[in-house]
Amino acid sequence: MTAPPGTRLLLDGTGADHAAHLARYGALPRPGLADLLAAVHHSGLTGRGGAGFPTETKMRAVAAGSRRPVIVGNGLEGEPLSAKDAVLLGRNPHLVLDGLELLARALRARRTVLAVPADADTSAVGSVGRARGVSVVPLAGGFVAGQESALVHQLEGGPPTPQDPFTRVTESGVDGRPTLVLNVETLAQLALVARYGAAWFRGIGSADDPGTSLFTISGSVRHPGVVEAERGSILRDVLAPAEPMEASAVLVGGYHGAWVPASGLGVRLTARDLAAYGVSVGAGVLHVLDVRACPVEFAAEVADYLASESTRQCGPCLNGLPRMATDLRRLAAGVRDNALPGSIRRMSRLVTGRGACAHPDGSARFVASTLDVFRGHVAAHLEGWCPSAQRRAAS
Amino acid sequence: MNGAGLNEALWALGRGTGVVALVMFTVAMVLGIASRSGRPLPGLGRFGVSDLHRTASLTGVGLVAVHLTSLLFDPFAQLRLVDLVLPFLASYRPFWLGLGTLAVDTLAVVAVVSLLRVRVGPRVFRAVHWATYALWPVALTHALGSGTDRGTLWLRAVAAGCVLAVVVAVGWRLTPSYAERGWSRHPRRTA
Amino acid sequence: MPVRAAEGCLVTTRLHIDWTRCDGHGSCAELLPELLTVDDFGFPLTRFADRDPVVPPRDEDAARHAVRSCPVMALRLYDAS
């Protein structure tokens, strides 16, 4: 089967029209588990939901269970800066459903679910999903709600709170069954790999991070929105169509990501290259910060938001995140306390790794990155002035 | 020892173990509240408070077992096995004894659930453990009304001491600062 | 630090904290001072940045005591070999 040309296979979907979908992409193959695993293995597909976990590993873990599994498509997209999942579900629901169907068949799933945000208009996806035998379930949103175990907990009727990771959802999730939770974009990519093969997938993108990805571009750009680009593209090139204005830095990976300064926009969007900035591609969020916007002010607002989104189960997160936010607020407000950066860093180290989910870790990463990349700006604040405020006054 | 002597011994054992069990459960209540507070006691630390709470509780259970056994064998008490489970059916002072039955039944559930707490999980364990707040006053009332020591000064003094200890502990339990365990922090969302 | 059991295989025991249960009671840090201390808010802090710290054989008894002692059953020991 040959793929349609171009790199907009995810975005140029046919909406609700199934017949048109099959005409464009071809019939959906029906591989057995071994063949599907082999294809995913050779494709090197990794999760597109933020964690970037190798999809094959998750599939194998679920296949190893003794009970028939549950397959869950994760469309919850709790990150406020991200819109790719919503766009994908609107433009190309059938490709996502293809991914679910492939897995359900190969793994002999007991149940197949597509989780969507309750506050979004999901009527279109709902009817399309139901027609294809997938249970489309609207769930409560929130930053942490899309976390695997929190999602499973909601499906079980509980609140969107992450569970102790000692028991992985791939071992015991919905109804105590092995549960495979994959981001909707990962499912769509899987559907492409199954049709056109691993070699095709590897033909795009970079060697260590193949395929395409959806990126949500926001912030100081003329044309914000969702684009599709090859993995391993240069950051500057991916941003170009959005026409960024004068940027001081780009936040890669959303509120749990890290900053790439303007001088580093030539970086390739691969795990290896971005590691230098302490971040990975994540869920493809690219937020451009204008030179006239104060990064410390921005970080303080984000830190406040992240603190409020804690599910309040774990002591270090519940207590540590507000402390970081308060200190950042003081720094942003121009409080000339030289101990502030040190105390923020200390708190960021204190919360890392001490919770049931990665919320404190991600928040700590973002805050630490702000202090690192904007070192000069922070120093200015401690001396009593703000470089961005000066820029605004000058323009 | 002749029959009458044996009966008196059993009766004495029954009363003795009953009173000491009451004191044990009082100690267990106070230590339980101290343990939940998360504050250390001098020389014991926090883990020592938990350990002692457990020891006092189990000792109390053991004493109650001896209390029941000796009374079952003592003809004066006229206690039958059914009285251990169903309350208010006894011949001798049915009301006061019935309270004892209720206390024993509750104690059995609390003890079993506590010993199996890893199996039942923290929510069930905590819910059942709340029953101890009902268990203690029922046990105290049973102690005051049953047996031939009722009305004696020494029993009333012991009971008064127990009541004082529990009232102070529960009073502390109800103060707002109790919950933070002595730290300045936000309250967690618990399951 | 792993220890060789009789059969010659390595056994590494780790202590896992269930953060959704932990309420910062503090018994564990008292019983395992070499592994755990307490943070600004009263919650256990591993000394060596391990998420699930390794329990050396000499501390295993104390670790078991800590697991029993935790009032909310937030601790467990497991074989991480």
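User: Let's start with confidence: what is the mean pLDDT of chain A?

Analyst: Good place to begin, since this is a predicted model. In chain A, 100% of the residues reach a pLDDT of 70 or more. The mean pLDDT of chain A is 95.

User: Which of the elements of chain A has the highest mean pLDDT?

Analyst: Let's look at both ends of the range. The lowest mean pLDDT among the elements of chain A is 88, for helix α11 (residues 271-274). At the other end, with a mean of 98, is α12(A).

User: How many residues does helix α12 of chain A have?

Analyst: This helix covers residues 295-308. From its first C-alpha to its last it reaches 20 Å, close to the 20 Å expected at 1.5 Å a residue. The number of residues in α12(A) is 14.

User: Which elements of chain A do the buried residues of α12(A) pack against?

Analyst: First, find the buried residues of α12(A): among them are F298(A), V302(A) and L306(A). The partners of this buried set include both strands and helices. They are β7 (247-252), β9 (285-290), α13 (315-333), α15 (359-373) and α16 (375-383).

User: On the side of chain A that touches chain B, how many residues are polar?

Analyst: Start with the contact itself: 6 residues of chain A meet 4 residues of chain B. By class, the chain A side has 1 nonpolar and 1 charged residue, and its polar residues number 4.

Definitions and conventions:
Residues are numbered from 1 along each chain as its sequence is written. Chains are lettered from A and ligands numbered from 1 in the order in which they are written. This is a predicted model: local features need pLDDT of at least 70, side-chain atom pairs count only at pLDDT 80 or more; totals for chains, interfaces and linings use all residues. Two residues are in contact if their C-beta atoms, placed from the backbone, lie within 7 Å. Ala, Val, Leu, Ile, Met, Phe, Trp, Tyr, Cys and Pro count as nonpolar, Asp, Glu, Lys and Arg as charged, and the others, Gly among them, as polar. Helices (H or I, at least four residues) and strands (E, at least two) are DSSP runs, numbered from the N terminus. The expected span of a helix is 1.5 Å times one less than its number of residues. A residue is buried if 20 or more other C-beta atoms lie within 10 Å of its own, exposed if 12 or fewer, and partly exposed in between; C-beta atoms are placed from the backbone. pLDDT is the predictor's confidence in each residue, from 0 to 100.
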